[in-house]
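Take a moment to look over the protein below.

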Amino acid sequence: MGIGDKIKHGAEHLGGQAKEATGEATDNPDLEAEGQGDQVKADAKKVGDDIKDAFKKD
């Protein structure tokens with residue numbers, strides 16, 4: 001995984017955290033759930049890239 005992908009996935013995760021926090025602050029459960037979902041997606045992408053990297057090392 002390239003550094004650009006790491007930055008991109010990190011930014012997606014942070015964006016999800018911001019949405020979740022905004023949802024909590026504004027009592028908006030839909031926005032809060034969307035933020036949590038964005039975080040899960042970013043984490044899943046990171047795991048997928050980590051797996052690809054593990055196979056490239058062999």
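This is a predicted model: local features need pLDDT of at least 70, side-chain atom pairs count only at pLDDT 80 or more; totals for chains, interfaces and linings use all residues.

**The overall picture**

What secondary structure does the protein chain have? The count comes to 2 helices and 0 strands. The radius of gyration of the protein chain is 14 Å, while the globule rule gives 10 Å for 58 residues, so the chain is more spread out than a compact globule. You can follow this in the C-alpha trace, which spans about 50 × 15 × 10 Å along its principal axes.

Now think about the surface. Of the 58 residues in the protein chain, 16% are buried. The exposed surface comes to about 4,100 Å², with carbon and sulfur atoms supplying 59% of it. As for contacts, take those between residues at least 6 apart in sequence: 43% of them join residues at least 24 apart.

**The loop and its aspartate**

Let us turn to the link in the chain. Asp27 sits in the loop between helix H1 (3-25) and helix H2 (29-57). Is Asp27 buried or exposed? Asp27 is exposed, because its relative accessible area is 69% and the cut-off for exposed is over 50%. The backbone of this residue deserves a look as well: Asp27 has a positive phi of about 55°, although it is not a glycine.

**Charges and salt bridges**

Side chains of opposite charge can pair when their charged atoms come close.

| Salt bridge | N to O distance |
|---|---|
| Glu12 and Lys45 | 3.3 Å |
| Lys19 and Glu34 | 2.6 Å |
| Lys19 and Asp38 | 2.9 Å |

Start with the pair of Glu12 and Lys45, whose side chains meet in a salt bridge. This pair links distant parts of the chain, with Glu12 in helix H1 and Lys45 in helix H2, 33 residues apart. Glu12 is partly exposed, with a relative accessible area of 25%. Lys45 is partly exposed too, at 39%.

Next comes Lys19, which meets Glu34 in a salt bridge. Lys19 lies in helix H1 and Glu34 in helix H2, so this pair ties together parts that are 15 residues apart in sequence. Lys19 is partly exposed, with a relative accessible area of 27%, and Glu34 is partly exposed with 41%. Lys19 also meets Asp38 in a salt bridge. Because Lys19 lies in helix H1 and Asp38 in helix H2, the pair ties together parts that are 19 residues apart in sequence. Which residues do the shared partners join into one network? They are Lys19, Glu34 and Asp38.

**A buried aspartate**

Asp49 is located in helix H2. With a relative accessible area of 11%, Asp49 counts as buried, because the cut-off is under 20%. Now look for Asp5: its C-alpha atom is separated by 8.5 Å from that of Asp49, although the two residues are 44 residues apart along the chain.

How values were computed:
Residues are numbered from 1 along each chain as its sequence is written. Side-chain values use heavy atoms; hydrogens and water are left out. Helices (H or I, at least four residues) and strands (E, at least two) are DSSP runs, numbered from the N terminus. The radius of gyration is taken over C-alpha atoms; the globule rule is 2.2 Å times the number of residues to the power 0.38. Buried means under 20% relative accessible area, exposed over 50%, partly exposed in between (1.4 Å probe, protein chains only). Contact means heavy atoms within 4.5 Å. Accessible areas come from the Shrake-Rupley method with a 1.4 Å probe; for residues, only the protein chains shown count as cover. A salt bridge is a side-chain nitrogen of Lys or Arg within 4 Å of a carboxyl oxygen of Asp or Glu.
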